[in-house]
Amino acid sequence: MRTLLRALALLLVAGPLSAAALYAAAGPDWADDALKRVLAPPLGLPAIAHPAANPPTAAKIALGRKLFFDRRLSHNNTTSCAMCHVPEQGFTSNDLATPVGVEGRSVRRNTPTVLNIAYVDALFHDGRDPALETQYVAPITAFNEMANPSLGYVIDKIANLDDYNAPFQAAFGAGPSPDRLGQALAAYQRSLLAGASPFDRWRFGGESDALGERERQGFELFTGKAGCVACHAIGESSALFSDGLFHDTGYGWQREQERQGKGGMVEVEIAPGVITSIPHSVVQSVGNPPPADLGRYEVTQDPKDRWRFRTPSLRNVTLTAPYMHDGQLQRLDDVVAFYNAGGVPHDGLDERIKPLGLTVEEQVALVAFLKSLTGSNIDQLAAEARVEEPDNIR
Amino acid sequence: MILRLLSLLSAMTLALVVQTVSLTADETCQSPYMPKITGQEQFVYVWTLGMEGVGDESDKLVTVDVRPGSKTFGKVVNSHSVGGRHEAHHAGFTADRKYLWAGGLDTNNIYIYDVHTDPSKPKLDKTITTFVADTGGAVGPHTFYALPGRMMITALSNDKDNSGRTALVEYSNEGKYIATHWVPTDKDPRGAKIEKVADGYGYDVRVLPRKNVMLSSSFTGWSNYMMDFGQMLKDEEAMKRFGQTVTLWDLHTRQPKKVFHVPGSPLEIRWAWGDDANYAYTSTALTSKLWLIKEDDKGEWQATEVADIGDPSKIPLPVDISIGADDKTMWVNTFMDGKTRLFDVSNPEAPKQIYEKQIGNQVNMVSQSWDGDRVYFTSSLLANWDKKGDQNDQYLKAYTWDGKELKEQFEIDFVKEGLGRAHIMRFGSSELYTG
């Protein structure tokens with residue numbers, strides 16, 4: 001009954017995106033459900049190794065959600081974590097190749113999803129942060145993301161917002177601190193587990209008809225002829241679709257060549273289906289030059305790590321377009337075509353990336369397989385995320 | 001419900017008042033509900049974006065003296081900084097013309113200036129910082145359009161995903177939130193007839209009380225209007241997120257009636273002034289077209305493409321437009337080539353360009369006096385869309401127009417003066433308040 005009321009209230013107050021959130025409703029006890037999920041992950045996902053210092057609780061998860069959606073956490077109150085990691089867009093942003101932060105400042109990389117982030121040991125495309133508990137400091141203080149003058153400034157700001165007293169007390173028996181902020185955000189993000197996809201039910205749930213023939217053919221290719229599984233790993237009792245390691249697919253190298261190559265024309269879609277070409281110089285007159293991205297090398301300074309990026313999980317990949325570390329590939333077909341062509345040959349290309357000789361039909365099957373990796377509880381996660389309106393200045 | 005009724009009543013009574021006032025209207029893009037400057041404007045208020053590395057870097061309201069013969073003619077006589085950068089953009093007077101509401105598309109702050117106590121020195125009276133919470137998630141207050149006793153404000157985005165889905169919002173002149181009207185979408189058409197798509201986007205709003213209609217246009221969401229323009233042109237996903245609709249509303253009930261298909265991001269809306277002229281223009285920024293929205297013989301409203309602006313394949317990017325009080329001509333600025341273009345619109349179905357002039361490396365806003373003799377231009381479009389480096393000239397330029405030639409009267413370099421990026425202009429005059 002309360003859930004129903006809640007859903008009705010949502011219907012009444014919700015703005016433009018209410019429809020998505022209404023497929024599944026989240027009640028006041030949603031954080032308890034989230035906690036259960038963290039302790040017993042959905043089918044196909046392994047158990048989570050929680051840091052000893054930050055065991056999950058419903059109170060932390062609830063506080064973490066509030067923080068994640070609070071636009072006041074940015075210097076000028078415009079940008080929350082969720083403005084880039086949008087629940088209805090697979091906890092990333094489908095609208096942009098690369099996001100914009102405070103005052104519209106450019107961020108050079110594509111926003112990764114935070115679904116199933118509990119399993120990522122090396123965070124960011126270049127793996128520069130080992131823990132969710134510390135990761136948040138980067139966006140909170142980055143000049144081109146949430147742009148706060150300092151971490152202490154944000155902690156102080158939160159401590160002075162009335163609505164945070166109770167939730168911090170409930171979660172920690174203490175007020176805001178850098179550690180506690182990180183712990184709450186981490187606890188919430190770890191609860192964003194999306195599994196029990198058609199693939200999981202087929203592979204781990206004994207439902208032999210959960211995948212159609214085409215998807216199964218795609219699986220054979222993924223684990224066979226196309227060799228994807230070498231990096232996008234699948235285990236015996238669970239699958240993360242990532243080895244957690246860094247590889248050079250040639251994509252990053254190619255983007256750097258394009259960045260350096262000036263001139264030519266740029267195609268621009270000015271209305272649906274209406275495309276015109278304008279000189280690159282015109283685009284440059286109104287744009288700042290794009291920065292370089294050397295990937296893992298920027299962390300290790302080891303030349304062999306140039307243009308290596310972390311293997312992303314392929315779970316929920318249908319929901320997380322556009323693709324690759326700078327979001328320049330729009331459709332899964334484009335990514336598969338990229339691999340089929342053998343990536344981009346150059347010194348340093350991973351030896352497992354080579355021309356695959358997949359027929360058109362095989363490529364279609366591979367894409368169909370990738371589309372079977374969408375978790376069954378996505379709408380539930382979005383509904384929980386929208387259990388309250390985003391925080392704004394009142 | 002009670003609010004509805006009240007607004008209905010007030011709109012109806014004021015619809016009557018309007019008819020008498022509009023005949024003496026001045027500057028050609030103002031609300032018909034507003035008292036007018038009948039002769040020479042005395043001041044131009046320029047809502048200016050703070051610019052990193054220039055002056056105090058803050059958004060500010062700049063007042064320029066344009067009284068002929070004044071010792072400070074063509075000079076900045078006042079500048080008020082609000083602190084911080086908010087993506088200063090549009091500003092509009094209340095219907096009594098005593099206050100100027102100026103908005104920040106980024107932070108959603110609305111600054112309400114008293115312009116009647118001393119028109120040479122607007123004074124910040126009130127700041128609304130709760131726009132997003134008040135409205136239930138609308139982001140980016142854009143057009144401030146005077147209705148009797150209240151402001152109709154278009155938003156551009158929302159606090160859920162920074163996309164273009166948004167709302168029209170009403171506040172009382174005293175700054176109290178009244179109502180939010182979400183723009184119809186395919187999923188939630190709210191009873192409107194949809195020509196092709198309903199994207200739910202917003203930009204400008206203008207009314208024709210005589211016909212009880214209101215039009216709103218459509219731009220794009222926060223993540224696009226805040227983004228580096230060059231980056232966006234290359235972002236294929238981002239380019240898919242531009243408005244393609246003009247929405248026709250019932251003015252009294254605020255019910256959306258029809259969603260026209262106008263692809264390429266229709267921006268400014270200008271109604272013709274003539275007593276029986278039942279039409280408005282809008283220009284599409286990306287596709288560079290002029291559109292006519294007109295009531296047909298059967299009383300149905302229709303939107304038709306009526307002219308190209310420059311060479312659309314080069315994306316000249318038409319921005320502000322300004323219609324002459326006699327409905328015969330219209331200034332159209334194209335941002336990318338920095339040109340203003342005068343169109344003969346005496347036949348609204350077939351506008352023709354009859355004059356053009358280079359104003360700067362970039363040009364955005366154009367404002368003309370009611371008699372059309374004076375035309376003012378400013379340079380800035382959006383902080384991250386303006387040209388970069390040497391091409392980023394920031395100015396207010398004043399011209400006279402003799403029917404043949406624009407002649408420059410003065411220019412203020414907003415960078416040299418330490419002011420910032422010059423955006424919307426609004427005219428002020430002490431004569432408005434002396435009875």
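Here is a short talk about strand 28 of chain B and helix 15 of chain A in a predicted model.

Mentor: Local features here need pLDDT of at least 70, side-chain atom pairs count only at pLDDT 80 or more, and totals for chains, interfaces and linings use all residues. Residues are numbered from 1 along each chain as its sequence is written, chains are lettered from A and ligands numbered from 1 in the order in which they are written, and side-chain values use heavy atoms, with hydrogens and water left out.

Trainee: What makes residues 374-378 of chain B a strand?

Mentor: They form strand 28, and strands are DSSP runs of E, at least two residues, just as helices are runs of H or I, at least four, both numbered from the N terminus.

Trainee: Why is strand 28 of chain B called mostly covered?

Mentor: Buried means under 20% relative accessible area (exposed is over 50%, partly exposed in between; 1.4 Å probe, protein chains only), and 5 of its 5 residues are buried. Arg374(B), Tyr376(B) and Thr378(B) lie on one side, Val375(B) and Phe377(B) on the other. In a regular strand, side chains alternate between the two faces of the sheet.

Trainee: How do you know that strand 28 of chain B pairs with strand 27 of chain B?

Mentor: Pairing takes at least two bridges found by DSSP, and these antiparallel strands have 3, so they qualify. Gln368(B) stands opposite Val375(B).

Trainee: What joins strand 28 to strand 29 of chain B?

Mentor: There are 5 bridges, again antiparallel, with Lys397(B) as partner of Phe377(B).

Trainee: Which residues of helix 15 of chain A are buried?

Mentor: Leu332(A), Val335(A), Val336(A), Phe338(A) and Asn340(A). Their cover includes helix 12 and helix 16 of chain A, where contact means heavy atoms within 4.5 Å.
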